[in-house]
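My notes follow in the order I took them.

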Amino acid sequence: MNIFLDESKTRESLFPFTLTRHVADIRIGILTIRQKWELLTGLPVITEPALQNTASIVVQANIIPTVLSIQQILKAAKDETPVLENDELRMLHWPWQIFQYNDWALRHDFENLTKNKISASISASNQCINKEQIFLEEDAVVEYCTLNASTGPIYIGNKAVLMEGTQIRGPFSAGEGSVVKMGTKI
């Protein structure tokens with residue numbers, strides 16, 4: 001069994017982002033929509049119609065799954081009924097919603113990615129506010145920075161580098177391998 005993320009009904013409304021990628025590969029929060037599905041279900045996710053088969057669960061690619069909405073979405077897909085948006089279930093219909101929902105999605109991703117994990121230690125050279133909401137992957141490099149998670153979580157991915165003098169106010173995510181240059185204020 002796998003999940004087929006169908007973009008046929010939403011591709012055009014999400015231009016220009018979908019000119020270079022599938023709707024499922026749009027990043028909102030820390031992860032892409034495809035990565036969220038893989039993390040929450042543990043099932044393979046396909047986006048190519050040619051790979052779809054009778055065992056595939058067909059879901060609209062613009063639906064952003066969360067821990068609390070995943071069962072509702074899968075049930076609606078199996079029953080072939082429409083999914084209704086609510087506080088825990090959101091869908092991308094227009095490009096500006098990527099930015100509008102980013103805070104909400106980042107908070108959900110942070111909770112899912114850090115659950116039952118321990119952050120790498122944060123160097124004493126950094127100034128941290130609300131340290132419980134700051135998570136560094138093992139190979140992240142963060143020195144002489146200000147990390148303020150009083151307004152939202154901060155997630156620093158594997159092999160990400162925050163150069164000296166960087167000031168971050170959450171919610172914020174630096175993805176795997178990303179670099180934030182010296183003195184940057186975000």
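**The largest pocket**

I began with open space: the largest pocket holds about 350 Å³. I kept in mind that this is a predicted model. I then listed what surrounds the pocket and got 20 lining residues, of which Val58, Val59, Gln60, Ala77 and Thr81 are the closest to the centre. Next I asked which element supplies the largest share of the lining. It is E3, with five residues.

I found an open sheet of three strands, ordered E2-E1-E3 and paired in parallel. Strand E2 (45-46) and strand E3 (56-60) are the edge strands, each pairing on one side only. I checked how E1 meets E2: strand E1 covers residues 2-6, and two bridges join E1 to E2 in parallel. For a landmark in this pairing I noted Ile3, which stands opposite Val45 in E2.

Then I turned to the helices. Helix H2 (residues 70-79) packs on the sheet and touches E1 and E3. I read the angle between the directions of H2 and E3 as about 110 degrees. Helix H1 (residues 33-41) lies across E1, E2 and E3. The angle of H1 to E1 is about 155 degrees.

**Cores**

I counted 28 residues in the largest nonpolar core here. Which residues have the most contacts inside this core? My list reads Ile3, Leu5, Ile28, Trp37, Val59, Ile63 and Leu92. The elements giving two or more residues to the core are E1, H1, E3, strand E4 (63-64), H2 and helix H4 (102-114). H2 gives the most, with five residues.

Beyond its neighbours within four places in sequence, Val59 is in contact with Ile3, Phe4, Leu5, Asp6, Trp37, Ile73 and Ala77. I also found a second, separate core, which has 17 residues. Ile122, Ile134, Ala160 and Val180 are among them.

I went through the peptide bonds next. The bond from Phe15 to Pro16 is cis, and its omega is near 5 degrees. I placed Pro16 in the loop between E1 and H1. Gly170 and Pro171 are also joined by a cis peptide bond, with omega about 5 degrees. Pro171 sits in the loop between strand E12 (167-169) and strand E13 (172-174).

Last, I looked up phi. Glu80 is not a glycine, yet its phi is positive, near 55 degrees. I found Glu80 in the loop between H2 and strand E5 (90-91). Is Glu80 buried or exposed? Its relative accessible area is 73%, so Glu80 counts as exposed, the cut-off being over 50%.

Tyr144 also has a positive phi, near 55 degrees, without being a glycine. Tyr144 belongs to the loop between strand E8 (141-142) and strand E9 (146-148). With a relative accessible area of 56%, Tyr144 is exposed.

Key. Residues numbered from 1 in each chain as written. Predicted model: local features only at pLDDT ≥ 70, side-chain atom pairs only at ≥ 80, totals over all residues. Heavy atoms only, no water. Pairing = 2+ DSSP bridges. Helix = DSSP H or I, 4+ residues; strand = E, 2+ residues; numbered from the N terminus. Contact = heavy atoms within 4.5 Å. Axes fitted to C-alpha atoms, helices over the stretch in contact; angles between N-to-C directions. Core = buried A, V, L, I, M, F, W, Y, C linked by side-chain atoms within 4.5 Å. Buried < 20%, exposed > 50% of the residue type's maximum accessible area, 1.4 Å probe, protein only. 1 Å grid on protein atoms, 1.4 Å probe; cavity = no way out; pocket = protein on both sides within 12 Å on 5 of 7 lines; lining within 4 Å. Points joined across faces, edges and corners; volume = space filled by probe spheres on them.
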